[in-house]
Amino acid sequence: MKSVARWVAVAGVMLASAVHSSNAAELNTMNDVGTAIQACWTPPADAGTASVTLSFSFKRDGTLIGPPRPTAVKVEGDAKAKNSFVDAATTALQNCLPLTLSPKLAQGIAGKVFTLQFSSPK
């Protein structure tokens, strides 16, 4: 019985690490961070040519200090369409976290405000 429980525990750890493998690569530059986050981005299907810029700050552990803030929103349509696009960008950012920052990047990144634009395909 103990061996079955141990096997289940090992399988769970392996599965958890596979789920977060996209974030496992150590990021050394802000370009690496942007690329990693953009890889998580899937714009809403009916977005047209829209974009939103989010402003956010990281902690040294690769998580956010507070929620991201939209600073520029260019979405055609009503408030629901705009909110849907902003929510999709915010979700993409949150789904990529925590990022695995190199020690040097983690030291320099903490608390600084960054912006990243999320755009739909043209």
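Okay, housekeeping. Residues are numbered from 1 along each chain as its sequence is written, and side-chain values use heavy atoms, with hydrogens and water left out. Since the model is predicted, local features need pLDDT of at least 70 and side-chain atom pairs count only at pLDDT 80 or more, while totals for chains, interfaces and linings use all residues.

So, the fold. We've got four helices and three strands, and from the N terminus they go α-α-β-β-α-α-β. Those are DSSP runs, numbered from the N terminus: helices are H or I with at least four residues, strands are E with at least two. Of the 122 residues, 32% count as buried, meaning under 20% relative accessible area; exposed is over 50% and partly exposed in between, with a 1.4 Å probe and protein chains only.

Now look at strand 3, residues 113-119. Strand 3 runs antiparallel to strand 1 (residues 51-57), with seven bridges joining them; pairing takes at least two DSSP bridges. Within that pair, T53 sits opposite Q117.

Last stop: the one disulfide, counted when two cysteine sulfur atoms are within 2.5 Å. C40 is joined to C96, S to S 1.7 Å. C40 is in the loop between helix 2 (30-38) and strand 1, and C96 in the loop between helix 3 (79-95) and helix 4 (103-109), so the pair ties together parts 56 residues apart in sequence. The S-S torsion is about 125 degrees, so the disulfide is right-handed. C40 is partly exposed at 26% relative accessible area, whereas C96 is buried at 0%.
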